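Please look at the sequence and the structure shown below.

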Amino acid sequence: MSASTAPASSQSLALQYRHPVYSGDGEVAGFVAVDKMREVQVLLDPQIPEAAALAELPEGDIVEAELEPLHPGGGPRGRALYQLRRLRAISGRRTGSRQRPALPSRFAGDVLHLNYDRRGSADGVVLESGDFVHLGEQGMNALALKVGDHVVAEGPARPMRHGGYVLEAERVNGREVP
C-alpha cells in the first residue's frame with residue numbers, strides 16, 4: 001500500500017504531540033500524543049519519509065494524520081495504539097539537530113519520559129538531555145524506572161540520526177540489566 005492510500009478503516013485525527021518513541025536501535029519508531037484528553041501512541045511507517053521530522057517537534061505541536069487503529073481501546077499500557085498511514089500536516093517544524101563530538105559509554109541524568117516499543121510496552125527511558133537509554137521490556141520491569149528518577153547508565157552508545165545518542169544499557173544505577 002502506498003503512503004497516500006489509506007485503508008477504509010483509517011481515521012483522520014489532529015493530535016497534540018507529546019514526545020517521540022524510539023526503537024531498540026535508537027530510530028524514531030513512533031510518538032505519544034493526546035487526542036481529546038486521551039493519550040495515544042502512533043507507530044510510524046518507514047515508507048513515509050517525512051515522518052522522521054516528528055522527532056524534532058516540540059511538545060504541544062499539532063500533528064494531523066490518517067491513522068489505522070491497531071488497539072483503539074488501549075494496548076498493554078491502556079493507551080490507544082495506531083499505525084500512521086499518512087501525514088497531512090505538521091505545525092511548528094524545527095530544523096537542525098544537535099551534534100556531539102564523542103560516543104559516551106556512561107550517561108547520567110533525570111528521566112524525562114518513558115519510551116515504548118511497538119506493542120506499547122515500556123522498553124527504556126529518555127533523559128532530559130534527549131538521550132535514549134534502551135533497557136528492553138525485561139530491564140524496565142526489573143528496574144521499575146519512572147519519570148523524574150535519576151539514572152546513571154553504562155553500556156555501548158551510538159548516535160541517533162536526529163541527534164543525541166542511544167545507549168544499550170548493561171548497568172543502571174549500579175545494577176545489571178537483565
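This is a predicted model: local features need pLDDT of at least 70, side-chain atom pairs count only at pLDDT 80 or more; totals for chains, interfaces and linings use all residues.

Residues are numbered from 1 along each chain as its sequence is written, and side-chain values use heavy atoms, with hydrogens and water left out.

Consider the sheet. Eight strands form an open sheet with mixed pairing, in the order β10-β11-β8-β7-β6-β9-β12-β13. Strands (E, at least two residues) and helices (H or I, at least four residues) are DSSP runs, numbered from the N terminus. Two strands are said to pair if DSSP finds at least two bridges between them. The edge strands, each pairing on one side only, are β10 (157-159) and β13. Within the sheet, β6 (residues 106-116) and β7 (residues 122-127) run antiparallel and are joined by five bridges. Valine 111 has leucine 127 in β7 as its bridge partner. Helix α1 (residues 136-143) lies across β6, β7, β8 (132-134), β12 and β13, and runs at about 75° to β7. Such an angle is taken between N-to-C directions, from 0 to 180 degrees, with axes fitted as lines to C-alpha atoms, for helices over the stretch in contact. Contact means heavy atoms within 4.5 Å.

The nonpolar cores come next. A nonpolar core is a set of buried Ala, Val, Leu, Ile, Met, Phe, Trp, Tyr and Cys residues joined through side-chain atoms within 4.5 Å. Buried means under 20% relative accessible area, exposed over 50%, and partly exposed in between (1.4 Å probe, protein chains only). The largest nonpolar core has 26 residues, and Phe31 and Leu54 have the most contacts inside it. At least two residues of this core come from each of β1 (11-22), β2, β3, β4 (62-71) and β5 (80-90). With five residues, β5 gives the most to this core. Another core, of 22 residues, lies apart from it and includes Val111, Val125, Leu145 and Ala157.

Two loop residues remain. Most residues other than glycine have a negative phi. Methionine 37, although not a glycine, has a positive phi of about 70°. Methionine 37 lies in the loop between β2 (28-35) and β3 (38-43), and is exposed, with a relative accessible area of 81%. Asparagine 173, also not a glycine, has a positive phi of about 50°. The loop that holds asparagine 173 is between β12 (171-172) and β13 (175-176), and asparagine 173 is partly exposed, with a relative accessible area of 40%.
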